[in-house]
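Open the model in your viewer and keep the selection tool at hand. The tour goes stop by stop: what to select, then what is there.

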Amino acid sequence: AEGPYRLVGHSFGGLIALEIARQLIEIGDQVEQLVVIDTHMPVKYLDAFIDDAMMLKTFAEHNFGVVDVPLNLLRKLPKEQMVDVVAQQFNGMVSAEFIRRAITIIKGFRQMMAGYQPFPLDVPVTLIRPDQSVNSTGKKVISFVIGQNAHTLGWHKISKQLTVKTASGDHHSMLQSHHVATVAAVIKSESNS
């Protein structure tokens, strides 16, 4: 056996890191730390239902800001028009075409994860959350589904050795040049502890 390994993943990459950790342990290697950066457990694992309107609103709010259009109104619109209405909320900052492409990719990820069942691991997990985020529809759904453990994004189901830390930035900017140093500092401090 080789290792011990330290694995890091951001967003969807955190779930990939989790599965790599599971497979390494299965073949007898040691994983001493798993760091996940703003990674949510799969929605199905959290017993939450997300339709096209909620997926669209959650994606837009997670990345660009609050969408001031009620879900029940979005749900009454044809899919193409739904995207146009959401894109208009951001005054040209993001195009409807970009949102359509992103939603297609997200749906692909969801299909890939449809049958995936994360299993608890006896591995220390550090979840790094951004300090900048809107009070989005997605956040409300997670709060409703997970309740008092919402801040763990479902990772409390995976590890009894869970630490939740905060780094500067939002979901995307926390890994860009002006914020990434704080993420690196958190990872380094966890590695030394």
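**Stop 1: the salt bridges**

This is a predicted model. The structure holds nine salt bridges. Side chains of opposite charge can pair when their charged atoms come close.

Select Arg-129 and Asp-38. Their side chains form a salt bridge, 3.4 Å from N to O. Arg-129 sits in strand 3 (residues 125-130), while Asp-38 sits in the loop between strand 2 and helix 2. The two are 91 residues apart, so the pair links distant parts of the chain.

Next, select Lys-79 and Asp-52. This is another salt bridge, with the closest N and O atoms 2.8 Å apart. Lys-79 belongs to helix 4 and Asp-52 to helix 2, so the bridge ties together parts 27 residues apart in sequence. Lys-79 is exposed, at 53% relative accessibility. Asp-52 is partly exposed, with a relative accessible area of 26%.

Move to Arg-100 and Glu-80. Their closest N and O atoms are 2.7 Å apart, and they form a salt bridge. Arg-100 is in helix 5 and Glu-80 in helix 4, 20 residues apart.

Finish this stop with Glu-19, Arg-22 and Glu-26. A network of salt bridges links these residues.

**Stop 2: backbone angles**

Most residues other than glycine have a negative phi, and most peptide bonds are trans.

Go back to Asp-38. Its phi is positive, about 50°, although it is not a glycine.

Now select Leu-153. Where is Leu-153 found? Look in the loop between helix 6 (137-146) and strand 4 (162-167). Leu-153 is not a glycine either, yet has a positive phi of about 55°. Leu-153 counts as buried, at 2% relative accessibility.

Gly-28 takes a positive phi of about 100°.

**Stop 3: the whole chain**

Zoom out and switch to cartoon. The protein chain has seven helices and four strands. Along the sequence they run β-α-β-α-α-α-α-β-α-β-α. Of the 193 residues, 45% are buried. Among contacts with a separation of 6 or more, 73% join residues 24 or more positions apart. The chain exposes about 10,500 Å², and carbon and sulfur atoms supply 55% of that area.

**Stop 4: helix 1**

Select residues 12-26. This is helix 1, with 15 residues. At 1.5 Å a residue it should span 21 Å; the end C-alpha atoms are 22 Å apart, which agrees.

Which residues of helix 1 are buried? They are Phe-12, Gly-14, Leu-15, Ala-17, Leu-18, Glu-19, Ala-21 and Leu-24. Show their side chains. The buried residues of helix 1 pack against strand 1 (5-10), strand 2 (31-37) and helix 5.

**Stop 5: Gln-33**

Select Gln-33, in strand 2. Its relative accessibility is 6%, so Gln-33 counts as buried. Leave aside neighbours within four places in sequence and display the contacts. Gln-33 touches Tyr-5, Arg-6 and Leu-7, as well as Val-123, Pro-124 and Thr-126. Its contacts also include Ile-187, Glu-190 and Ser-191.

**Stop 6: the nonpolar cores**

Select Leu-56, Leu-74, Val-86 and Ile-99. They belong to the largest nonpolar core, which has 22 residues, and they have the most contacts inside it. Helix 2 (52-63), helix 3 (71-74), helix 4 (79-88) and helix 5 each supply at least two residues of this core. Helix 2 gives the most, with six residues.

Keep Leu-74 selected. Leaving aside neighbours within four places in sequence, Leu-74 is in contact with Ala-53, Lys-57, Val-69, Met-82, Val-85 and Val-86.

Another core lies apart from the largest one. This core has 20 residues, including Leu-7, Leu-15, Val-31 and Tyr-116.

**Stop 7: a surface patch**

Ile-105 is in helix 5 (residues 96-113).

Methods. Residues numbered from 1 in each chain as written. Predicted model: local features only at pLDDT ≥ 70, side-chain atom pairs only at ≥ 80, totals over all residues. Heavy atoms only, no water. Core = buried A, V, L, I, M, F, W, Y, C linked by side-chain atoms within 4.5 Å. Buried < 20%, exposed > 50% of the residue type's maximum accessible area, 1.4 Å probe, protein only. Contact = heavy atoms within 4.5 Å. Expected span 1.5 Å × (residues − 1). Areas by Shrake-Rupley, 256 points an atom, 1.4 Å probe, with all protein chains shown as cover. Salt bridge = Lys/Arg side-chain N within 4 Å of Asp/Glu carboxyl O.
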